[in-house]
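Biologist: I would like to learn how to read a protein model, one feature at a time. Could you take me through it slowly?

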Amino acid sequence: MSRPAPAPSRSLLRPADVIDHVTHITPEFLADRGLHGLLLDLDNTLVPYGSYDPAGVAQTLAWVRDLKLAGVGLYLLSNATGQRAAFWLDRLDFQGVGLAGKPNPRAFRKALRALNLPPAQVGMVGDQLFTDVLGGNLSGMHTILVRPLVTNALPHTRVARRLERAVLKRYGHDWHH
């Protein structure tokens, strides 16, 4: 007697979507996936790591404005310092937190409560597998990995990037950094 094959499991490190830039997320993209809200990482997702230059991200700020006008709920979920997050939240004009502690699901649950949406209707958008994608998947969200805006990251992030590339290759995706 043969046993049935186990159901395929979704890896906690596998993003549902992989895109080059956040501005590729349109209201149509979200509607196709049944999403009504986004949790957004800050550094290397919305703005270059370490940048305090709003003029350098005018396209992203316009994208945020357009999504808000389309009724998409937005929430910043960043591991950056509270001061850095506050600087950008003033310019982005939506709620969020710094020092979120990603990938801890507690931070994701708090953000979902702020958006008043169930996990299946929210996308987690970020540039790191081990914080953004892992935390979003642990929380039952649709995960969207974006190409990092710049490579000048912290030493531990550079190490994580090498591991991320190996994982992404396993899933048939490879960004040539």
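Modeller: Let us begin with the elements: helices (H or I, at least four residues) and strands (E, at least two) are DSSP runs, numbered from the N terminus. This is a predicted model, in which local features need pLDDT of at least 70 and side-chain atom pairs count only at pLDDT 80 or more, while totals for chains, interfaces and linings use all residues. Residues are numbered from 1 along each chain as its sequence is written, and side-chain values use heavy atoms, with hydrogens and water left out.

Biologist: How many helices and strands does the protein have, and in what order do the elements run?

Modeller: The protein has six helices and six strands, and from the N terminus on they follow the order β-α-β-α-β-α-β-α-β-α-β-α.

Biologist: Where is the place of Leu99, and is Leu99 buried or exposed?

Modeller: Buried means under 20% relative accessible area, exposed over 50%, and partly exposed in between, with a 1.4 Å probe and protein chains only. Leu99 sits in the loop between strand S4 (95-97) and H4, and Leu99 is exposed because its relative accessible area is 62%. Of the 177 residues of the protein, 47% count as buried.

Biologist: Which residues does Leu99 touch, not counting those up to four places away in sequence?

Modeller: A contact means heavy atoms within 4.5 Å. By that rule Leu99 touches Ser78, Asn79, Ala80, Thr81 and Gly82, and the C-alpha atoms of Leu99 and Asn79, 20 residues apart along the chain, are separated by 4.2 Å.
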